[in-house]
Amino acid sequence: PIFWGRMLSIFISTGSIVMIYAFYLKFISRKDDSLHSSTVASQRKLYALLASIFAVTSSIFGYWSIRVMADPLFALLILIYFYYLPDLYKKNNHRVLEYTLSGLLLAITMTRLEGIFVALATALFFLIYPAHGRNFTPSLKKSIINITDNSRKILIFFIPQVLIYFPWTLYAKVLYKGEVSNDYLDEIETFVFNLERFKYFFTYTFFILVIPLTAYFIWNGVKSIKESKNTDIIFLIPLLLFILQELLIGFIWTPSLPRIYMPLIPFLAMLFVFGIENFRRRKVEIRKYLIINLSLTFLFVYLQYNQKLYFLGASKLLFAIIIISNLFLMFFPILKWESKKVFVAAIIILNLLITSVVIYNQSYIYKSVVKGIEFVTPLDGITAYSDETGNAEWYLRSHGFYLDPGNNINDTNEQYQLLKSNNVSYMLWTNEFNRASYFIDPKIDPRFELIYVFQQPIRDPLDKVADRLNILDDSDYMVFTTKIYKVL
């Protein structure tokens, strides 16, 4: 089942390649009539293809695109939805498109909870943009007029949402008298700002495409779009609103990073390639360009060296390769000869290396926790856990007791009293992914009996080779350990 699930995810991700290519040509690619039409067309298609390849080979998109999860489908649906949404205002006969997009929006909200961000972005766009494409000048008075003009669209897009979700909510909350909650609302209620949490969010957000210089070219792409003559850009406002909401929830719900950013990768990849495409046209000051990119490189070194985030190249040799390659590649765009295509191709090759290593290393992530769960699940009694991998919560269900985020244990006496007061029979202790709260390893405490231990070394393939060649010492590699204690 896992094999065919992965095949389905890969097939869906292939659809994303096609949509990124089409999206780039429709909304991002520059419109330059000064060149011969065939030359313009071939260049646009080449950059669109490079954007597609760059997106799917990036570590975050590449890794999640082969997972048997909803993320690849969600990313594809987002691309399709925002690709066709502007056509509502550009075609006379759009009734079929209205119903199609309404169904697509319903599929998006049912695929992942972040789909509600797409619905909110769409609703706000209907509020501020006139139904018949008049001058775009937002105001309260015009918003009221727009609601009237867009009433048909509002009904078609949002009545299906109400028909699907209201009965379920009514049943769950009123008839069944259960709780209607979600992880986002729980995180908002328990959100506590601290510097470490912000650094984690900032690093994954600012260097989402891993290679430091990509941040510069994304910004260059944004400025190039603002300066372009593409009148369709106005229709990307709902997409911008969706992106802002994704970034906000990433800030609030840091355990969701970087997975929650997967649907953003295609759009950032397009901006990156567009920034390269227009680098020469914008006549960037070379000195300023070099200073900014050197600063980005040093910032990346500082943040990644301290945090060692998996998807940004946590291993020693890969980290060094990223930095050296970035310093080398930053000179390509300023060379006199035509080097933009070689520049993007080199970055794609670097992407493939990073993603391959990340996928290899991630194959061992959570393994220690899963082994501990497999051992404790057949046992009678409640098992306490504090990890945020999601595996313990999923498999233990009603037989699990989760240590609430922020409930920091100060000593083993407090820990023992907490466990006994909640009728806990076993405790799953792990050093893997405990960002919000964690148990203390009781070790020799006589009130806890160690009944199972599993250790999973995380040895990067590049670091192992470098260690054998005496290039670097890899003796301090990470070892994830999970222990099962019986609470006596």
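Begin by selecting helix H6, residues 115-128: its 14 residues reach 20 Å from the first C-alpha to the last, close to the 20 Å expected at 1.5 Å a residue. The model on screen is predicted. Within H6, colour the buried residues, which are Gly115, Phe117, Val118, Ala119, Ala121, Thr122, Phe125, Phe126 and Ile128. When reading such a list, recall that an α-helix has 3.6 residues a turn, so residues three or four places apart point the same way.

Next, select helix H10 (residues 195-206) together with helix H14 (residues 286-307). Their axes lie 11 Å apart, and the two helices pack at an angle of about 130 degrees. H10 is therefore oblique to H14. The crossing of this pair is left-handed. To view the contact, show the side chains of Glu196, Lys199, Tyr200, Phe202, Thr203 and Phe206 in H10, which meet Leu296, Leu299, Tyr302, Leu303 and Gln307 in H14. Of the residues in this contact, seven are nonpolar, two polar and two charged.

Finally, move to helix H15 (residues 316-329) and helix H16 (residues 340-362), whose axes come within 11 Å and cross at roughly 175 degrees. Because angles over 145 degrees count as roughly antiparallel, H15 and H16 are assigned to that arrangement. On the H15 side, display Leu318, Ile321, Ile322, Ser325 and Leu329; they meet Phe343, Ala346, Ile347, Leu350, Leu353, Ile354 and Val357 in H16. This contact comprises eleven nonpolar residues and one polar residue, with no charged residue.

Methods. Residues are numbered from 1 along each chain as its sequence is written. This is a predicted model: local features need pLDDT of at least 70, side-chain atom pairs count only at pLDDT 80 or more; totals for chains, interfaces and linings use all residues. Side-chain values use heavy atoms; hydrogens and water are left out. Helices (H or I, at least four residues) and strands (E, at least two) are DSSP runs, numbered from the N terminus. The expected span of a helix is 1.5 Å times one less than its number of residues. Buried means under 20% relative accessible area, exposed over 50%, partly exposed in between (1.4 Å probe, protein chains only). Axes are lines fitted to C-alpha atoms, for helices over the stretch in contact, and angles run from 0 to 180 degrees between N-to-C directions. Angles under 35 degrees count as roughly parallel, over 145 as roughly antiparallel, 65 to 115 as roughly perpendicular and the rest as oblique. A crossing is left-handed if the near helix is turned anticlockwise from the far one by less than a right angle, and right-handed if clockwise. Contact means heavy atoms within 4.5 Å. Ala, Val, Leu, Ile, Met, Phe, Trp, Tyr, Cys and Pro count as nonpolar, Asp, Glu, Lys and Arg as charged, and the others, Gly among them, as polar.
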